[in-house]
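Subject: Structure for your review, with notes

Dear colleague,

Please find the structure below, together with its sequence. My notes follow it, and I would be glad if you read them with the coordinates open.

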Amino acid sequence: MSLRVTRLLPGAFLPLLLAACGPGLTPITGPVPVPPPRGAVTVAPTESRTPSVEASMTEGDYLRARTLMVPVAGVAPTRLTDSFSAARSGGRTHNALDILAPRGTPVLAADDGRVFKVGENRLGGLTVYLLDAAERFLYYYAHLDGYRDGLRDGMPVAQGDVLGYVGTTGNAPANTPHLHFQAMRYRPDRYWDGQPVNPKPYLVVPGRAAMSTNATASDQSHP
Ligand SMILES: [Zn+2]
């Protein structure tokens, strides 16, 4: 089965495609080889997540097997709109999903893995990169209003863990809080520049914050 990915424009420079409602044009400080600390968060292994099997899967089969969670609390898969192929200024393509939610809504880990990079850039505002457990996909979260307390590079996370809160930092319209969420193949040499893949078909679990850690997920309870 082939996976639908956005065809790159001839001569297009990938970082430009990723600008404006996309990852920053330039990485903040370059790749961060942070070894994941042990014991901070329990990541429960599940069946069907055997790395050797995953390695031979197509992108679509792999993402389908991950049963990804909608990365915003309270948002069901059926509420997502597909803005992956939407045009953006300068002839660019969005290559991401915008998930609208009230400011302050918890933003969640779509999959198990670790925090790859916490950082801020002009277009994305407050951002987080999450690397999945098999180091196959990197998830980019932008326009956050703020971060979960203690969020740091290398921190292990489980699906549903709170990473931060929906906001409008960066170039998001001030009256349209949303999460800009992008899935891309992890590219170790240029992590911000991996091939984007439309995550919408694979976001099958409704967004629901995990309550196990000391994340401030209780923010959900008061609108
Ligand atoms: Zn966006």
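A nonpolar core is taken here as a set of buried Ala, Val, Leu, Ile, Met, Phe, Trp, Tyr and Cys residues joined through C-beta atoms within 7 Å. A residue is called buried if 20 or more other C-beta atoms lie within 10 Å of its own, exposed if 12 or fewer, and partly exposed in between, with the C-beta atoms placed from the backbone.

Before the findings, two points on provenance. This is a predicted model, in which local features need pLDDT of at least 70 and side-chain atom pairs count only at pLDDT 80 or more, while totals for chains, interfaces and linings use all residues. Residues are numbered from 1 along each chain as its sequence is written.

As to confidence, the protein chain averages a pLDDT (the predictor's confidence in each residue, from 0 to 100) of 82, and 71% of the residues score at least 70. The value stays under 50 over residues 1–20 and again over residues 213–223. Where pLDDT is low, the predicted coordinates should not be read in detail.

The protein chain has three helices and 13 strands, where helices (H or I, at least four residues) and strands (E, at least two) are DSSP runs numbered from the N terminus. Of its 223 residues, 44% count as buried. Two residues are in contact if their C-beta atoms, placed from the backbone, lie within 7 Å; among contacts between residues at least 6 apart in sequence, 73% join residues at least 24 apart.

The largest nonpolar core holds 49 residues, of which Val72, Val107, Leu108, Tyr139 and Tyr141 touch the most other members. Strand 8 (residues 137–147) gives the most to this core, with seven residues. Leaving aside residues up to four places away in sequence, the contacts of Val107 include Val72, Tyr141, Leu144, Val162 and Leu179.

Strand 8 itself is largely enclosed by the rest of the structure, because eight of its 11 residues are buried. Two strands are said to pair if DSSP finds at least two bridges between them, and strand 8 has several such partners:

- Strand 7 (residues 125–132) runs antiparallel to strand 8 and is joined to it by five bridges, with Leu130 opposite Tyr139; the two form a hairpin with four residues between them, and Glu135 in the turn has a positive phi of about 55°.
- Strand 11 pairs with strand 8 in the antiparallel sense over six bridges, and Tyr140 stands opposite Gln182 in strand 11.
- Strand 10 is antiparallel to strand 8 and joined to it by three bridges, with Val166 as the bridge partner of Leu144.

In helix 3 (residues 59–66), the buried residues are Tyr62, Leu63 and Arg66. They lie on the same side of helix 3, because they cover an arc (that of the directions from the helix axis to the C-beta atoms) of only 95° around the axis. Just after this helix, Thr67 takes a positive phi of about 45°.

Finally, two threonines in loops. Thr168 lies between strand 10 (162–166) and strand 11 (178–185), and it is partly exposed, with 17 other C-beta atoms within 10 Å. Thr78 sits in the loop between strand 1 (68–69) and strand 2 (87–88) and counts as exposed, with 7 C-beta neighbours inside 10 Å; its C-alpha atom is separated by 8.9 Å from that of Pro206, 128 residues apart along the chain.

With best regards
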